[in-house]
Each structure stands twice: as structure tokens, then as C-alpha cells.
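Hi everyone, thanks for coming. Have a look at the picture first.

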Amino acid sequence: AIERTFSIIKPDAVAKNVIGEIVSRFEKNGLRVVASKMMQLSKEQAEGFYAEHKERPFFNDLVKFMTSGPIVAQVLEGENAVMKNRDLMGATNPKEAAAGTIRADFAVSIDENAVHGSDAAESAAKEIAYFFSADELCDRIR
Ligand code: CMP
């Protein structure tokens, strides 16, 4: 079914100037950008977004990294969008990511891993609502 997922192009990928190359992979694989904004996250925004990881040992480093420079937050729409985006991203740890995936090609470490993508439809809905209001979503398939 046509569904939506939430994507972040993280500060390392923005700094490497590969926003377009990453979005191009989404587009070439049937995902459409229906909302997009570049932003500098505050500490509070990053902590809120990753609240489920609050007790993890990497939480502070994660927040520090995600606030280290601008990100691009996007909503992607398409057939099986959540899983498709996860396939395109590759494993969380780029050292384990399959050849040809975004993380294999653009990321250097599990901390600086180029992209975030929702892990399920429910988290996608939550994450989309965290960053976008309904009127910022530009439906293209209706
Ligand atoms: P992301 O999908 O954005 O969700 C949480 C992030 O924490 C994850 O990608 C990684 O970049 C980062 N992270 C750092 N260490 C770990 C770890 N051991 N396990 C999972 N995520 C980690």
C-alpha cells in the first residue's frame, strides 16, 4: 500500500554536500518527497525526537551530533515506503550496511550514519507529526 515514512539527512551528510545524491536515491526508487525542510535542531528538539533512547549510553553523543549542524527533515511517500527507505539506507552501522546502500556509501560510523528513517508505520506517524504540521504535507498521489 502507499504509505509515508519520515527521513532525516543528518549533519554529516549535509556537511558532505550529498543532500541531492541521497534524495535522488529516494526518487529513483519510487519514493516521493511530500514535505521537506532544512533546519538546525535545538538540543530540546533533538532530545525530544530521540526520547525513546534517553537511557541508552549513546544518547548524549547522539544529541550532540544531531545538533552539530543543519539537517534535512523529509516525509517520503510511496509503495511500502517504510521498508523501502530502510532497504535504501542499509544497516544502522555503516560497517554492516550492504554495498550500494546510503550508509555504506556516505556514512563513516554508527554515530555519524548519514540518515535516519522510521522503523515502522506507527513511528513514522509520530515522527512526521513531531516535525511537520498537516498543512506542510503536500500530497501528490491522490
Ligand atoms: P537513528 O536511526 O537516527 O536512531 C538512533 C541513532 O543512534 C542511530 O540512528 C545511530 O546513529 C545512533 N547510535 C549510536 N550508537 C548506537 C547503537 N549502539 N545502537 C543503535 N543506534 C546507535
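Let's begin with the ligand: one of its oxygen atoms is 2.7 Å from a polar backbone atom of I110. An oxygen atom of the ligand is also 2.5 Å from an N or O atom in the side chain of Y50, and an oxygen is 3.0 Å from an N or O atom in the side chain of H116. How much of the ligand does the protein bury? Taken alone, the ligand exposes 460 Å², and the protein buries 79% of that. Accessible areas here come from the Shrake-Rupley method with a 1.4 Å probe, and for residues only the protein chains shown count as cover.

Before we go on, a word on what you are looking at. This is a predicted model, where local features need pLDDT of at least 70 and side-chain atom pairs count only at pLDDT 80 or more, while totals for chains, interfaces and linings use all residues. Residues are numbered from 1 along each chain as its sequence is written, and side-chain values use heavy atoms, with hydrogens and water left out.

So, who surrounds the ligand? The residues around it are K10, Y50, H53, R56, F58, L62, T92, R103, I110, D111, N113 and H116; to be listed, a residue needs a heavy atom within 4 Å of the ligand.

Let's take Y50 from that list. Y50 sits in the loop between α3 and α4. Those labels come from DSSP runs, numbered from the N terminus: helices are H or I, at least four residues, and strands are E, at least two. Is Y50 buried or exposed? Y50 has 6% relative accessibility, so it counts as buried. The cut-offs are under 20% relative accessible area for buried, over 50% for exposed, and partly exposed in between, with a 1.4 Å probe and protein chains only. Leaving out residues up to four places away in sequence, Y50 touches K10, F59, L62, M66 and H116, where a contact means heavy atoms within 4.5 Å.

That brings us to H116, which lies in strand β4. H116 is buried as well, at a relative accessible area of 13%. Which side chain does the side chain of H116 make a polar contact with? It is the side chain of E127, at 3.1 Å. A polar contact is a pair of N or O atoms within 3.5 Å; within protein, one must be able to donate a hydrogen and the other to accept it, and residues adjacent in sequence count only if both atoms are side-chain atoms.

Now for the core. The largest nonpolar core has 21 residues, and F6, M66, F131 and F132 touch the most other members. A nonpolar core is a set of buried Ala, Val, Leu, Ile, Met, Phe, Trp, Tyr and Cys residues joined through side-chain atoms within 4.5 Å. Helix α4 gives the most to this core, with 5 residues. Apart from it lies another core, of 19 residues, including V14, I22, L31 and I102.

Let's zoom in on α4. Its buried residues are F59, L62, V63, F65 and M66. Seen down the helix axis, they fall within an arc of 165 degrees, so they line one face of α4; the arc is that of the directions from the axis to the C-beta atoms. They pack against β1, α1, α3 and β3. Turned away from that buried side, the other face carries the exposed residues N60 and K64.

Helix α5 has A81, V82, N85, L88 and M89 buried. Their arc is 130 degrees, so these residues line one face of α5 too. After α5 comes G90, with a positive phi near 85 degrees.

Speaking of phi, here is some background. Most residues other than glycine have a negative phi. N17 is not a glycine, yet its phi is positive, about 65 degrees. N17 is in the loop between α1 and α2, and is exposed, with a relative accessible area of 68%. A114 also has a positive phi, near 75 degrees. A114 is in the loop between α6 and β4, but is buried, at 0% relative accessible area.
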